[in-house]
Amino acid sequence: MSEQTHLKARSPFAEAFEMFRRNHAAVAGLVILLAIVAVAILGPVLYSGNPFDMVWAPFTPPGTEGYLFGTDYLGRDLLSLLIHGARVSLTVGLAAAFVTVTIGITIGALAGFYRGWVEEVLMRLTEFFQVLPTLLFSMVIVALFGASLLMITIAIGLVSWPAVARITRAEFLRIRELEYVTAARAGGVRNGGLMFRVILPNALPPIIVQAALMVGSAILFEAGLSFLGLTDPNVASWGQIIGSNRQYILDASYTVTVPGIAIFITVLAISLVGDGLNDALNPKLRER
Amino acid sequence: MKIAVLRHLAIVAGVAALLGTTAKAEDPVRGGTLITTLPQTPRHLNPAVQSGIVTGAPGAQLFAAPLRYDEDWTPQPYLAESWAWSDDGLSMTLNLVQGATFHDGDPITSEDVAFSVETIKANHPFKTMFGVVETVETPDDHTAILKLSQPHPALLLAMSSQLMPIIPKHIYGDGQDPKSHPRNGQDVVGSGPFKFVEFTADQQVILERNDDFFIEGRPYLDRIVYRIIKDASARAIGMENGELHMTTFENTVRNIKRMSENDDLVATDEGYAAIGPINWLAFNTGSDGPLADKRVRQAIAYAIDKNFILNAIMLGLSQESKTGIHPGSPLYYPDVNGYDLDIDKANALLDEAGYEKGADGIRFSLTIDHGNPTTKPQAEFTKASLAKVGIDVTVNSFVDFPTWANKISNHDFDMTWDTVFNWGDPVIGVHRTYDSQNIKEGVIWSNTQQYANNRIDELMAQAGQEIDPDKRAALYKEFQEILAEDLPVYWTNTLPYHTIYNKKVGNPPLGIWSSSSPYDLVFLKE
Amino acid sequence: MGFLVVLAQRTLYGLLLLLAVLVLNFTMINLAPGDVVDTIAADMGGASAELVAQIRAEYGLDQPVIVQLGNYVWRVFQFDLGQSYFYNRPVTEMIFERLPATLLLVFSAQIFALVVGILLGVFAAQRPNGILSHIVTLFALFGYAAPVFWTGILLLIAFSLKIPLFPVAGMRDVTVEGFLPQALSVAHHLVLPMLTLGSIFIALYSRLCRASMLEVLGSDYVRTAKAKGLSPRDVTMKHALKNALPPVVTLAGLQFSAVISGAVLVETVFSWPGLGQLALTSILARDTPTILGILFFSALVVIVGNLLTDLVLRLIDPRVRGKA
Amino acid sequence: MSAPLLSVENLRIELATRGGMVPVVDDLSLWLNPGETLSIVGESGSGKSMTALAVMGLLPRIGRVAAGRIMFEGQDMTQMEDAALRRIRGNQIGMIFQEPMTSLNPVYTVGEQIAEVLRHHQNQGAAQAWANAVDLLDAVRIPNAKGRAGTYPHEMSGGQRQRVMIAMALACRPKILIADEPTTALDVTVQAEIFDLMRELAKETKTATILITHDMGVVAEMADRVVVMLKGEKVEDGTVTDLINRPQHDYTKSLIASVPHLTPETRDESEVAAQVDQPLLSVRDLTVQFPVKKRWGKREMFTAVNGISFDVERGKTLAIVGESGSGKTTAALAVARLVAAQAGHVTLDRTDMLTLEGEALRQARANVQVIFQDPYSSLNPRLRAGAIVREPMDNLGNLPAAQRDARVAELFEQVGLEPAQMHLFPHQFSGGQRQRISIARALSTNPSLIICDEAVSALDVIIQAQILDLLKDLQRDLDLTYLFISHDLGVVQQMCDDVAVMYMGDIVEYGTRNAVFASPQQDYTRNLLAAVPSVESVIEHPAP
């Protein structure tokens with residue numbers, strides 16, 4: 001007993017971080033992701049200029065005339081578009097993930113905690129949204145209510161939350177039966193406290209993983225909508241760059257390949273981080 | 001039509017000729033299946049009640065028209081073996097070929113011609129085509145006389161397959177609404193060189209040889225398969241790997257250029273003169289804002305580098321179009337102000353109009369729309385160009401056609417890029433844009449610019465009735481001069497429509513109606 | 001519990017879900033700015049106020065929304081999804097024309113992704129920390145991380161243009177005759193779209209299958225199987241895999257709506273004549289009855305997909321059989 | 001005497017951890033003669049299960065035999081090819097495991113799982129293997145064996161599943177049967193039946209058995225010889241009689257001491273009689289029902305607690321004993337309003353608990369606290385130990401915030417922890433320490449009633465004794481009242497003043513400890529008591 005007296009307190013999160021650090025792929029993913037975020041934040045400052053300015057002859061191939069990624073069909077600097085696009089795509093990804101997680105946690109938590117008719121109603125609602133074909137539904141939303149970034153974000157959030165809700169509910173159902181929850185109830189913790197201070201923090205790991213992956217899929221989702229032309233032409237998201245250069249794919253394939261690779265690397269990095277988080281936050285794996 | 005690609009091709013052809021590999025025009029061969037494309041699924045296959053090229057292409061094979069045209073705008077006999085104007089220009093007599101039958105074996109009579117004209121007049125969106133036809137008289141089975149309320153020089157051109165298919169009265173005259181008639185898309189019975197086999201949406205239209213076609217020995221092909229492929233790159237790949245024989249109405253310039261460099265393929269812009277597609281920037285001249293002032297419109301035109309559009313966006317594959325009449329038309333008058341890039345002049349005009357630059361360098365703000373996704377580059381280019389003269393432009397997103405059409409036709413816009421077709425004669429496709437009588441809320445491709453000029457109205461009224469070609473050309477000259485000054489619309493270029501065909505294809509459709517002309521002469525070599 | 005009873009219960013529930021889908025979509029489209037009548041009028045080349053009123057009456061749009069909704073639902077229950085504004089044809093007819101293509105694509109992509117995903121997952125679980133296992137995991141992620149339309153375009157360039165192994169567009173070669181050649185032609189056309197669409201889900205399935213296999217391989221009954229003296233192959237393929245499958249199958253069931261979404265993009269790239277292409281056309285044309293019909297049928301496909309998943313689960317897991 | 005059937009010589013097993021290879025069994029030697037039963041006894045982590053797995057060649061991936069030999073019929077199993085080992089596993093040596101619930105493959109019928117062994121090792125045809133499987137099920141006393149062979153494991157009870165495991169392990173008539181804690185997960189009456197079966201079958205088939213257990217009572221009743229292990233090493237071995245009567249090592253002694261003596265001690269009855277006060281807790285006609293989802297979504301109610309009544313005097317301990325599913329935990333949690341009761345009255349300290357609602361209920365919770373069974377899931381892993389103990393004070397009671405930390409420190413000392421450990425997280429404590437934290441938490445609101453829900457069941461015997469001592473000390477010092485829920489009659493006997501025996505939702509026997517243990521009135525109670533393994537049978541009573 002006494003040998004533990006001087007132990008340093010190690011929070012579960014510290015341990016998770018330690019686990020994460022051991023996962024080389026996840027660390028690589030995190031480094032890439034941080035680099036992309038840095039580009040998104042700092043890039044427009046350092047690489048100034050309006051990305052929509054036409055700076056050189058259209059379809060200048062990558063590498064010529066000092067334009068790393070070349071220029072697009074209007075002679076706009078693809079690098080500049082990519083840098084600004086990083087900001088837009090990441091923002092859409094994060095915002096959509098935020099919407100998704102907020103709705104998902106609320107619905108899942110209420111359903112998993114209260115059970116009974118509340119659960120019945122909320123889970124039916126969840127199943128209902130799960131039945132809706134996501135992309136089709138958001139295409140309709142965007143087409144009907146306008147292709148602004150806000151609407152796209154809302155549309156993605158609206159169709160993506162059921163996964164989070166299901167995970168949250170499952171975790172709540174599992175955790176609410178654990179004895180420390182009963183103990184907290186016996187200790188006079190109110191329902192709100194039980195839900196958000198006792199159960200939710202313990203339910204978070206898989207939700208965090210899901211949220212991380214959500215950012216990636218929201219970026220992909222936005223790209224898909226853009227590809228179909230359902231996008232705001234005044235902002236340069238990566239998907240938008242692909243969508244507008246789509247018709248030049250055969251000849252100037254780099255205009256599509258480069259933003260495609262940007263999306264690919266970002267989503268891949270997010271997935272690797274998500275995987276790392278999953279392993280790090282999963283106590284079962286930690287014991288192995 | 002001296003453009004780079006063609007020149008290149010011409011040289012290749014010339015070399016080939018020197019080497020003696022192409023001896024003479026080959027004799028047509030019978031048989032074979034032509035695989036060609038449609039860029040969209042047609043709503044149905046009956047051009048009598050549906051405009052547009054995707055209906056027109058198979059429609060021209062299924063239905064014969066009274067006349068057909070060669071590449072020089074000269075009418076040729078088709079279902080009508082001869083035709084004649086009355087001296088006063090108020091009646092047109094058509095003499096039909098003897099023994100022509102519909103695909104179900106029923107004879108084609110003047111009754112059917114009369115029925116077709118009535119149906120088109122009542123249902124086709126181009127009201128000016130047959131608007132002046134009061135009655136069609138049918139003295140005998142092979143004579144139809146169109147009686148007009150006023151002379152109508154455009155009538156002859158309207159008698160081609162795209163605009164005046166002869167449809168069977170015994171099928172479409174059954175009282176059902178011709179626009180939603182079930183036989184428009186399935187089990188179609190027509191009068192043309194090919195018979196209906198199959199129409200599967202998003203997949204293909206299949207037609208087969210009409211053995212009883214009224215021109216002996218034709219058509220040459222056994223079958224035509226129109227594959228519906230919406231993606232331009234996919235069509236290009238299909239052409240390059242030999243899956244497709246021919247594709248028409250291509251306008252993605254990079255792909256055209258690419259295909260033209262393929263030894264097996266020929267790319268040409270011949271064949272689109274009657275279609276007459278023009279890209280333009282339309283202004284809402286009726287708005288309260290700066291655009292009501294023609295100096296502002298002129299300034300905008302000066303600020304936009306047309307050469308960039310022609311050479312960088314269109315890669316030199318389209319022609320400059322200085323007026324609303326297609327350069328391929330004999331009525332085109334090129335000696336008007338083309339508004340070549342002149343930023344100083346643009347700034348001066350704007351200052352003169354009273355729109356000084358503000359402290360932030362901005363004079364005023366406008367929005368810009370675009371009528372289809374292909375004009376997005378132009379819209380974006382306009383935004384960038386006008387920023388240089390202090391006009392702040394927001395590009396509105398294009399989501400769907402009806403939304404855009406609804407917005408524009410209700411005059412709820414500042415500027416929009418658009419693509420509009422001449423459809424052969426100015427009366428059909430040009431007048432609608434400038435006629436002050438045609439300012440109609442809710443109707444797209446009417447005079448949505450809300451442009452009104454009495455002289456223009458007068459000129460159109462006269463030219464619409466003038467049968468003498470020279471006098472008519474003079475009227476349109478003045479028409480084009482005034483418009484170029486008033487600039488309700490800034491015309492920039494023709495669409496770079498191209499037909500790409502495999503060298504195996506003989507007699508590709510290079511007349512003025514491109515793929516909307518009958519393919520009875522088309523054949524596959526070897 | 002009787003299997004048929006469960007099936008009936010599920011079907012009933014699915015119908016209720018469909019009804020809800022119908023109501024939501026209808027309401028949403030009616031909430032949106034813009035009116036179909038404008039569209040029709042614009043298409044007719046303009047319409048006077050009287051004509052607009054007449055069109056409204058004709059389409060029943062002059063009635064309160066709730067009445068319209070009631071009528072719509074009632075007609076749907078009679079298998080009538082209305083008439084397309086754009087194509088002037090019954091929506092049901094148009095959808096049935098395209099449904100087989102979409103079903104073929106969706107189900108073949110699902111099965112492809114499942115088979116490959118499970119094989120990769122089982123393989124990766126053998127040596128969970130081996131280099132090969134990591135390579136497999138990373139490889140599977142490729143399909144997931146790349147935008148599906150992008151993958152499609154790249155495949156198209158690679159295998160239709162550079163190395164013309166596969167056709168560029170469409171679903172069958174109309175010049176071939178006979179059932180078997182036609183079927184082969186469809187299969188030939190299916191390869192690239194199926195690979196493209198399936199590639200998204202391989203990562204998902206292989207990852208879950210790996211995790212599930214690892215868990216099962218650590219379970220007591222696998223230890224029992226080993227204690228019986230069975231060979232490693234029997235232990236893995238007979239005892240472990242069958243237990244590791246249910247979560248994967250469940251996930252696959254939940255992915256149906258995502259697969260259909262992917263199909264919309266893949267159909268666009270490969271000109272595959274399915275519902276997705278029709279959906280895009282009708283959305284761009286504001287063809288409300290068709291949009292509603294497609295949403296309805298896609299939901300139906302998802303529901304049927306879920307039902308099938310349930311059946312498969314019942315087949316492989318006796319524990320589920322006892323439950324509703 | 002012939003050579004032993006199996007001999008383990010100087011065995012050393014190591015497991016790979018982050019800190020390198022760590023020995024879990026070291027220098028272990030033992031042997032097994034034909035037909036005899038050898039018991040390996042020790043607490044969890046003593047290496048007894050690892051030894052068994054090493055014999056089977058089934059060590060986990062991270063483990064390995066680092067030294068020593070395992071000789072079976074003249075061959076060293078540690079040096080064998082895997083294929084050769086597979087011919088022995090399930091054929092020459094059978095094994096049954098602790099968890100019958102999870103040790104059978106859920107997706108195959110039990111008949112198939114038995115027949116598989118026969119097909120594999122004896123090349124029997126499908127039909128013959130099936131017929132033999134049915135016979136084996138019959139032999140392990142599965143009623144209607146022919147019909148039951150086609151059922152899945154989840155359709156069977158735990159005892160039946162363990163019978164299936166036995167049938168499977170014995171299918172090929174192995175020379176050795178290794179049973180790793182085969183009854184730990186089972187109720188005591190079921191345990192007795194399983195042991196009867198094992199004894200009988202072993203005698204019939206002349207199979208030698210290695211029985212791994214932590215219970216000296218089981219050893220006494222089953223084994224011929226015994227090996228005692230502690231922390232990977234053998235501390236003592238010998239015949240059962242010798243070892244139990246003359247234990248040498250302290251650890252062995254404490255193992256023997258932990259076996260319950262169900263013979264009543266005399267007690268001063270007057271003390272009990274002196275209680276004339278109103279009881280602290282009075283329960284009348286308490287009924288708890290749970291909805292069970294049935295076909296067509298119709299809800300049916302399952303009655304977990306069926307109108308029971310009992311009283312607990314202030315400062316005393318009432319034990320509720322019963323096997324799993326008897327409703328004892330549900331009843332206790334209903335008293336604390338942690339499970340909803342459908343009917344009855346619960347009066348705690350003159351408060352009618354069942355009618356309280358809202359804030360009044362929340363405040364009333366201060367008066368009744370619970371100590372749970374599982375030391376791992378009863379503490380919130382996201383909170384530090386101090387915060388866990390402090391949480392009830394933050395929510396209930398009227399201690400000013402500034403004094404709460406001091407109170408937490410005091411409680412830590414009271415339960416035998418150091419205040420410095422307040423800032424550690426639960427996973428940094430051992431199981432016993434965690435139960436101490438739970439106790440501190442329960443004490444934090446100064447409750448008048450503490451419910452101990454199987455509070456020591458998950459602990460090893462030595463720790464168990466320490467925690468029981470702590471509970472008794474606290475009761476004495478703080479005048480606590482316990483409602484003590486347990487299935488372990490030995491523990492109950494040590495702790496309680498009164499006993500209620502529950503069976504399928506009813507209290508079937510209720511009285512003072514002496515009355516119940518010495519002269520049970522009901523058959524069920526008598527069976528329950530008889531089923532508890534004890535060392536009585538091998539104790540050499542000194543000649544009078």
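In this predicted model, 35 residues of chain B are in contact with 37 residues of chain C. Residues of chain B that lose the most area to chain C are B:Arg43, B:Asp202 and B:Ile237, which together make up 22% of what that side buries. The area buried between the two chains is about 3000 Å², and carbon and sulfur atoms give 52% of that area.

One salt bridge joins B:Asp202 to C:Arg98, with the closest N and O atoms 2.9 Å apart.

The elements in the table each supply at least two residues of the side of chain B that touches chain C.

| Element of chain B | Residues |
|---|---|
| β1 | 33-38 |
| β9 | 204-209 |
| β10 | 223-228 |
| α7 | 232-240 |
| α13 | 401-409 |

Chain A is described here through one helix. Helix α8 of chain A covers residues 191-227 and spans only 46 Å between its end C-alpha atoms, whereas a straight helix of 37 residues would span 54 Å at 1.5 Å a residue. Where in α8(A) does the kink lie? A kink of about 60° is found at A:Leu200, shortly before the proline A:Pro201. Helix α8(A) is mostly covered, with 28 of its 37 residues buried. Just after α8(A), A:Gly229 has a positive phi of about 90°.

Notes
Residues are numbered from 1 along each chain as its sequence is written. Chains are lettered from A and ligands numbered from 1 in the order in which they are written. This is a predicted model: local features need pLDDT of at least 70, side-chain atom pairs count only at pLDDT 80 or more; totals for chains, interfaces and linings use all residues. Side-chain values use heavy atoms; hydrogens and water are left out. Helices (H or I, at least four residues) and strands (E, at least two) are DSSP runs, numbered from the N terminus. The expected span of a helix is 1.5 Å times one less than its number of residues. The bend at a residue is the angle between axes fitted to the seven residues ending there and the seven starting there. Buried means under 20% relative accessible area, exposed over 50%, partly exposed in between (1.4 Å probe, protein chains only). Contact means heavy atoms within 4.5 Å. Buried area is the accessible area (1.4 Å probe) that two parts lose on being put together, summed over both. A salt bridge is a side-chain nitrogen of Lys or Arg within 4 Å of a carboxyl oxygen of Asp or Glu.
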